[in-house]
Amino acid sequence: MNTQLIEKVYEEVRRKIASGEIKANDVEVAVKEIAKCENESKVKNEVIEVKEVKKEGKFMQAPGLTEFVGTGIGDTIGLVIANIDSALHEAMGIDKKFHSIGIIGARTGAGPQIMAADEAVKATNTEIVSIELPRDTKGGAGHGCLIIFGAEDVSDARRAVEVTLKELPRTFGDVYGNDAGHLEMQYSARASLAIEKAFGAPVGKAFGLVIGAPAAIGVMMADTAVKTANVEIVAYSSPSKGTSHSNEVILAITGDSGAVRQAVIAGREVGKKLLNALGDEPTSTTEPYI
């Protein structure tokens, strides 16, 4: 089932659950029926993998809390607090002008969530308060993440979280993995405040991210990327420098948009070959976008 159809199905099922037309337990039936309505001819020729839809759309299982916004790929959860407690507000070091916060937390991934959050701050009246990268990946070689949005109005905080969750299927497109490790590539033609906060990249310029795990593969990917095109290194992180002692190398680059994109693609191709040497062919989490 193509990505656009999946998105339409998700949106319609969420709407029906919110309105009470269907219950969360009836999701499988609802997905099949809505998909048939949206693209009956395509559904006739394809078997809809409802289990996969449910896995990627865990946000359908709402816990009944107003603070809950949704969930997404990478065991990502989105929350919002309309009026954060004053003592906690101070302890977290949040600017006094922000009464509300949006929260993105994930067990797997950091780059996809940061890139998605970057799109969110472009689209909303919010700022990035903090980005933290805990050692996680559910026992794998990389990070999880905790991203806090600050907003003067709770509607902006909620919208930022919604935009982030919606962007995740795209930003997970160039995340590849097998049992031996993972690769991650990200690209933005115009970096904004989330990318600046996380990597120190200049706002408004093209940005690229090249990550390889185990770290040895990441070193080779980084070298290939910077040799391929005329780009500037923004940051280089390794297991004991700039990471939470994760077994990966992270290269952040900036420069002309065409050069950055070319460098990221070159790093990706060599990384896929090397990771393949350690196991099965690395596969994309969703659909590549770079």
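In the predicted model, helix α9 (residues 215–228) and helix α10 (residues 257–276) have axes that come within 8 Å and cross at roughly 150°. The two helices are therefore roughly antiparallel to each other, since angles over 145 degrees are classed this way. The crossing of α9 and α10 is right-handed. On the α9 side, the contact is formed by I217, M220, M221, T224, A225 and T228; these residues meet Q262, A263, A266, G267, R268, V270, G271, L274 and L275 of α10. By residue class, the contact of α9 with α10 comprises nine nonpolar, five polar and one charged.

The largest nonpolar core contains 36 residues, of which I128, I147, F149, I195, F199, F207 and L209 touch the most other members. At least two residues of this core are supplied by each of β3 (100–106), α6 (111–123), β4 (127–132), β5 (145–151), α7 (154–171), α8 (193–199), β8 (206–213) and β10 (249–255). With residues up to four places away in sequence not counted, I128 touches A117, V121, I147, I148, F149, L193, A194 and K197. A second, separate core consists of 20 residues, among them L183, A206, A222 and I253.

I84 lies in the loop between β2 (76–81) and α5 (86–91). Its relative accessibility is 10%, and I84 therefore counts as buried, the limit being under 20%. The C-alpha atoms of I84 and I101 are 7.3 Å apart in space, with the two residues 17 residues apart in sequence.

Key: Residues numbered from 1 in each chain as written. Predicted model: local features only at pLDDT ≥ 70, side-chain atom pairs only at ≥ 80, totals over all residues. Heavy atoms only, no water. Axes fitted to C-alpha atoms, helices over the stretch in contact; angles between N-to-C directions. Helix = DSSP H or I, 4+ residues; strand = E, 2+ residues; numbered from the N terminus. Parallel < 35°, antiparallel > 145°, perpendicular 65-115°, else oblique. Left-handed = near helix turned anticlockwise from the far one by under 90°. Contact = heavy atoms within 4.5 Å. Nonpolar A, V, L, I, M, F, W, Y, C, P; charged D, E, K, R; others polar. Core = buried A, V, L, I, M, F, W, Y, C linked by side-chain atoms within 4.5 Å. Buried < 20%, exposed > 50% of the residue type's maximum accessible area, 1.4 Å probe, protein only.
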